[in-house]
Amino acid sequence: MLESKIPPGSLEHKWTDYKGHCKLVNPANKRKLEIIVVGTGLAGASAAASLGELGYKVKAFCFQDSPRRAHSIAAQGGINAAKNYQNDGDSVFRLFYDTVKGGDYRSREANVYRLAEVSANIIDQCVAQGVPFAREYGGVLSNRSFGGVQVQRTFYAAGQTGQQLLIGAYQALERQVALGNVKMYARHEMQEIVVIDGKARGIIARDLISGKLERYFGHAVLLCSGGYGNVFYLSTNAMGSNVTAAWKAHKNGALFGNPCFTQIHPTCIPVTGDHQSKLTLMSESLRNDGRIWVPKQKGDTRKASQIPEEERDYYLERRYPAFGNLVPRDVASRAAKERCDEGYGVGSSKQAVYLDFSAAFERYGTTEAGIHGIDNPSKEQIISLGKQVVKEKYGNLFDMYEKITGENPYEVPMRIYPAVHYTMGGLWVDYELMTTVKGLYALGEANFSDHGANRLGASALMQGLADGYFVIPYTIGNYLADEIYNKPISTDHEAFQIAEKKVQERLESLMSIQGTQTVESFHKRLGKIMWDKCGMARNANGLQQAITEIQQLKKEFWSDVKIPGGINELNTELDKAGRVADFIELGELMCIDALNRNESCGGHFREEYQTPDGEALRDDANYMYVAAWQYKGDHNWELHKEPLQYDVIKPTQRNYK
Amino acid sequence: MEHYTMNLNLKVWKQKDKNAKGSFKMYRVENISSEMSFLEMFDVLNEQLIKAGEDPIAFDHDCREGICGMCSMYINGKPHGPWQANTTCQLHMRAFQNEDTIVVEPWRANAFPVIKDLMVDRSAFDRIIQAGGYISVNTGNAVDGNAILVDKDNADNSFAAAMCIGCGACVAACKNSSAMLFVSAKISHLALLPQGDPERHHRVINMIAQMDKEGFGSCTNTGACEAACPKEISLTNIARLNNEYLKASLVAEK
């Protein structure tokens with residue numbers, strides 16, 4: 001069932017050999033082949049643009065009003081690449097090694113190596129497109145550090161790197177739209193996959209303005225629809241981010257890989273109340289300059305400024321002297337939870353820790369004073385100069401923090417707490433990014449492939465663009481080369497009719513419930529179950545309870561949800577209802593997967609399996625595999641295992657001390 | 001920061017679809033926390049409406065962290081409301097007091113037709129980008145990133161222009177519904193970089209032509225756009241656009 005199609009040969013030659021031997025489609029035939037791309041974030045926009053440039057006929061879909069709004073736009077910190085511009089010992093191998101280790105040895109060596117190999121091309125491509133990365137005075141590109149890594153390989157554009165990369169990909173996409181190679185369908189949402197003779201041949205999409213269902217044919221279908229963090233209701237994802245496209249694929253035969261691998265990001269603005277609709281990330285790059293601490297005294301109610309230095313516990317620096325504040329995300333999140341659970345949390349909710357920049361103000365201020373030739377600067381002068389430097393680096397993040405909390409982070413330390421941010425799990429794909437359904441691909445966060453059980457910072461942008469710009473243009477040819485004999489299938493084909501009918505019936509049954517509880521209320525309840533029992537720490541008992549509760553919630557949803565309006569009109573509640581219905585089913589699978597994995601690794605922390613000092617305890621003998629789940633009907637999945645082989649790296653316990 | 005709760009009267013534009021005639025409707029919301037965002041207050045209102053069997057208010061929103069550019073409410077006569085350099089989703093209720101009446105309208109511009117209630121169609125912006133808001137480089141063509149040196153000031157200014165989120169507040173703020181700030185931000189982003197140089201003449205001529213075709217008005221030099229811009233895109237960009245346009249008209253062959 002699971003054939004990963006990893007090319008033979010030594011690790012460093014696999015991708016080169018693959019490219020040298022994969023099938024090609026000649027330009028005249030490319031014009032006859034149609035490709036559907038669902039989602040226009042970094043993976044989708046870069047894939048649609050690159051495939052359009054190659055001459056394929058592309059149709060791209062997004063649910064937002066413009067492809068430029070996809071949630072990749074919100075990525076803040078940066079993008080990794082093995083350029084070694086800093087001469088600090090970086091290389092393709094080191095990026096590969098850091099990523100596999102960061103993922104706690106639950107990713108595929110060959111995929112990750114390829115990712116590291118193409119990382120340098122991504123930076124070149126983006127620069128050529130006019131992405132205004134940060135630069136040094138000499139005109140060269142600037143780098144910064146990110147968590148889990150000891151070199152400086154992160155390229156950035158202030159705190160808006162995702163925005164700039166997405167605008168680059170969006171512009172490349174719009175250029176192809178202008179040239180007629182890509183047809184763009186905004187405010188459209190994919191509702192179903194059409195499979196004919198075992199191959200993905202199209203989709204049913206809903207025009208979100210008119211509510212009408214539409215049929216689209218493609219020789220291949222690419223899902224670039226992002227992650228499913230919104231299953232937790234509160235996450236750093238956009239309000240519209242959803243699992244629907246991936247879930248439809250799953251229910252049509254595509255296996256779902258490692259669904260329980262969720263990334264909880266350590267530095268987010270804490271929850272303030274029940275009204276909260278989403279959580280906001282404060283970039284990991286802040287951990288370069290901010291120091292994380294809590295009071296040494298339990299339940300200390302003094303203001304941060306009144307707690308003297310010697311009464312502060314810089315717990316990351318204490319526990320992990322080698323990496324300090326720059327340990328990977330899963331480690332930093334758990335450490336914050338541990339302190340808060342023990343009663344050392346700060347703020348009114350006590351569910352927060354401090355991220356403090358005062359040391360950075362002083363350090364940068366002293367350097368600046370030197371640069372400006374100020375002798376014997378006063379403390380105020382130093383702090384003020386230092387704040388200028390920090391403002392230039394992270395100004396937009398500080399502004400955002402102040403707008404949300406009403407507190408000025410230049411004066412008082414930020415309060416932060418972990419929040420759901422990214423999902424490493426996703427549709428299972430082989431080396432060519434194809435799911436278990438022929439002709440159906442998954443790119444970017446929508447697939448499971450490269451980050452194992454924990455993603456390192458600044459690697460999501462890298463993976464999305466690697467898949468879209470540099471992997472799929474090659475691997476899709478290997479499939480489409482045999483499709484040149486197949487003419488486009490009419491959307492009157494029976495399979496399209498059946499798929500459309502299925503969608504229509506589901507919409508009708510949702511509308512016909514006319515119950516008493518709103519979609520939002522169900523989503524909140526699902527989120528609470530997931531966060532409490534399948535969040536930062538999990539245990540068998542809690543997961544079993546969660547499964548029962550989710551099954552109950554599903555019943556209740558399908559008998560008591562209240563959706564206003566009609567089907568054939570703009571109806572945002574109906575859109576949301578469809579997404580929440582899919583999240584409920586996914587939530588169950590996530591808990592099943594978490595329960596199956598009797599070990600702790602990366603972001604998956606099972607309380608039963610930890611080292612004496614509270615670190616994740618892997619069980620390589622029994623769980624060194626990708627858990628790929630096959631949908632078998634309501635509440636019923638079959639587990640398939642793809643064993644992970646480490647030929648080059650020797651898995652050890654991750655050590656950031 | 002002191003937290004408080006408030007009761008509010010909302011006067012909101014309701015319009016069934018593109019062709020319908022719209023009107024204002026009054027709503028009342030109670031016990032709104034000063035810690036909520038403006039859109040979370042709308043969530044509360046919509047939940048209330050759904051439970052009462054009424055039609056919820058349609059509005060665009062997505063990231064809720066001020067970067068996607070999707071939210072677009074005209075609040076008390078200002079795009080994105082009373083705060084400077086801010087988007088609607090980042091506006092928080094502490095900007096308001098108990099018993100305030102808040103007027104909420106969609107963007108108003110011929111080039112941005114209303115779809116429903118507070119949602120408008122901004123696809124004209126995409127078509128302006130299609131007219132030339134890019135650098136024509138196919139994937140795989142690139143040279144090493146550091147082979148192209150960019151003066152730091154130019155890179156910084158280019159980035160400052162590229163921060164535009166395409167929300168359309170500039171158009172909504174302008175009495176002529178001009179899109180000059182949006183177009184100038186893209187022109188500046190690309191014109192300030194060496195990579196953007198080869199296409200600079202055609203780019204500016206074609207983008208301006210498309211902007212006119214979409215029905216956006218002329219620039220009035222009032223600066224309302226700059227004042228409303230959530231990303232503080234500078235009016236200097238419009239000067240640069242005019243400069244680029246003039247140069248291009250003199251040298252472009254077609």
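Tutor: Start with a definition: two residues are in contact if their C-beta atoms, placed from the backbone, lie within 7 Å. This is a predicted model, where local features need pLDDT of at least 70, side-chain atom pairs count only at pLDDT 80 or more, and totals for chains, interfaces and linings use all residues. Residues are numbered from 1 along each chain as its sequence is written, and chains are lettered from A and ligands numbered from 1 in the order in which they are written.

Student: OK, what is A:L223 in contact with, leaving aside its neighbours within four places in sequence?

Tutor: Its contacts include A:V38, A:G39, A:A245, A:L427 and A:Y441.

Student: New topic. How many residues of chain A and chain B are in contact?

Tutor: On chain B, 65 residues are in contact with 63 residues of chain A.

Student: Which element gives the most to chain B's side?

Tutor: That is α1(B), with six residues. Helices here are DSSP runs (H or I, at least four residues), as are strands (E, at least two), numbered from the N terminus.

Student: And how do α5(B) and α8(B) pack?

Tutor: Their angle is about 70 degrees, and their axes are 8 Å apart. Axes are lines fitted to C-alpha atoms, for helices over the stretch in contact, and angles run from 0 to 180 degrees between N-to-C directions. So the two helices, α5(B) and α8(B), are roughly perpendicular (65 to 115 degrees).

Student: Which residues make that contact?

Tutor: Among them are B:M180, B:L181 and B:I187 of α5(B), and B:I238 and B:L241 of α8(B).

Technical notes: Parallel < 35°, antiparallel > 145°, perpendicular 65-115°, else oblique.
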